[in-house]
Amino acid sequence: MTIQRITPFLWFDDQAEEAAKFYASIFSNSKIGRTARYSKETAQHVGKAAGSAMTVEFELEGQQFVGLNGGPMFKFTEAISFAVRCETQDEVDYFWEKLSEGGEKSRCGWLKDKFGLSWQVVPNAMIDMMHEPAKAEKAMGAVMQMDKIDIAKVRRAVEGK
């Protein structure tokens, strides 16, 4: 495994292994890496079970992550999210349903997964439209009315249909 200079480090209460397996089951180019376990001494110090996972390394679509079972004192917020870029509506539909399973769907392609981590499921076509000044306002107007992004509806709005 090539060492990535910047790696997202995700703080879970005690679900890092479950989360890594959940994410790896959704993204096809994924794998679970090494797991460091709490020793008896360290586990007593932090209130975890000896032998339980402390950190779990995993990779999703070539992006490396580390999950830490650090306890309940820190929670995920929408201030940090991961964007999943999609080529087709089928990809949008797939990632929207899989990532939101047991979580919470929101507006404009945003959702929280069952662990509270925020994701954006974003069609590349929409991103392209947002970068064209003549299309951006109409595209954004359409997106603001949606939960899951519908590429065809955004295109129709941009074309004035």
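Residues are numbered from 1 along each chain as its sequence is written, and side-chain values use heavy atoms, with hydrogens and water left out. Because the model is predicted, local features need pLDDT of at least 70 and side-chain atom pairs count only at pLDDT 80 or more, while totals for chains, interfaces and linings use all residues.

**View A. The open sheet of four strands.** The strands follow the order β1-β4-β3-β2 with mixed pairing, where two strands pair if DSSP finds at least two bridges between them. The edge strands, β1 (9-12) and β2 (30-37), each pair on one side only. Strand β2 and strand β3 (residues 53-60) are joined in the antiparallel sense over six bridges, and serine 30 stands opposite leucine 60 in β3.

**View B. The largest nonpolar core.** This core, a set of buried Ala, Val, Leu, Ile, Met, Phe, Trp, Tyr and Cys residues joined through side-chain atoms within 4.5 Å, has 40 residues; buried means under 20% relative accessible area (1.4 Å probe, protein chains only). Among the residues with the most contacts inside the core are Tyr23, Phe27 and Trp119. Helix α1 (residues 16-26) supplies the largest share, six residues.

**View C. Phenylalanine 95 and its surroundings.** Leaving aside neighbours within four places in sequence, phenylalanine 95 is in contact (heavy atoms within 4.5 Å) with Ile26, Phe27, Val84, Cys86, Ser100 and Val121. Phe95 also belongs to a cluster linked by ring pairs, whose members include Phe12, Phe22 and Tyr94; rings of Phe, Tyr and Trp (its six-membered ring) pair if their centres lie within 6.5 Å.

Methods. Rings of Phe, Tyr and Trp (its six-membered ring) pair if their centres lie within 6.5 Å; planes under 30 degrees apart count as stacked, over 60 as edge-to-face and the rest as tilted. Buried means under 20% relative accessible area, exposed over 50%, partly exposed in between (1.4 Å probe, protein chains only). Helices (H or I, at least four residues) and strands (E, at least two) are DSSP runs, numbered from the N terminus.
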